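This report describes selected helices of one structure, their packing and the accessibility of some of their residues. The sequence and structure come before the description.

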Amino acid sequence: MMIWMIIGMAIVTAVPRFLPAFIVDLIHFPPWVDRWLNAIPYAALGALIFPGIMSVKPEAPQVGVIAGLVAILLAWLNIHIIFVVIGAILSVLLLTL
């Protein structure tokens, strides 16, 4: 009985995730909709990262902003992502000493 409940919950969870992917492949959007949809991952990433940057050190939000700027600069210079993350971490470490 329990296994069927787990399988049912998995199906109910999976269908809303996979169904849009199949539908979007069948529909051809106008170019402006494609551009808008292509921008969503960047907007979502910004919405996830920005609050974290501002809360690195709540009493000194400039620390997170500076570390974010360091990460942006390193990424703009095409530095490997691991070194971008390490650079941001080190900048927070140095600014909080």
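Ser91 lies in helix α4, helices being DSSP runs of H or I of at least four residues, numbered from the N terminus. At 11% relative accessibility, Ser91 counts as buried (buried means under 20% relative accessible area, exposed over 50%, partly exposed in between, with a 1.4 Å probe and protein chains only). Apart from neighbours within four places in sequence, Ser91 is in contact with Ala67 and Val70, where contact means heavy atoms within 4.5 Å.

The model is predicted: local features need pLDDT of at least 70, side-chain atom pairs count only at pLDDT 80 or more, and totals for chains, interfaces and linings use all residues. Residues are numbered from 1 along each chain as its sequence is written, and side-chain values use heavy atoms, with hydrogens and water left out.

Helix α4 covers residues 81-96, and its 16 residues should span 22 Å at 1.5 Å a residue; the expected span is 1.5 Å times one less than the number of residues. The end C-alpha atoms of α4 are 23 Å apart, which agrees. Val84, Gly87, Ala88 and Ser91 are the buried residues in α4. They cover an arc of only 95° around the axis, which puts them on the same side of α4; the arc is that of the directions from the helix axis to the C-beta atoms. Exposed Phe83 and Ile89 sit on the face of α4 turned away from its buried side.

The buried residues of α4 pack against α3 (61-76). The angle between α3 and α4 is about 150°, and their axes are 8 Å apart. Axes are lines fitted to C-alpha atoms, for helices over the stretch in contact, and angles run from 0 to 180 degrees between N-to-C directions. The two helices, α3 and α4, are therefore roughly antiparallel to each other (over 145 degrees; under 35 is roughly parallel, 65 to 115 roughly perpendicular and the rest oblique). On the α3 side, the residues that meet α4 include Val63, Ile66 and Leu74; among their counterparts in α4 are Val92, Leu95 and Thr96.

The table gives their relative accessibility.

| Residue | Relative accessibility |
|---|---|
| Ile72 | 56%, exposed |
| Val12 | 61%, exposed |

The C-alpha atoms of Ile72 and Ala39, 33 residues apart along the chain, are separated by 18 Å. For Val12 and Ala75, 63 residues apart along the chain, the C-alpha separation is 39 Å.
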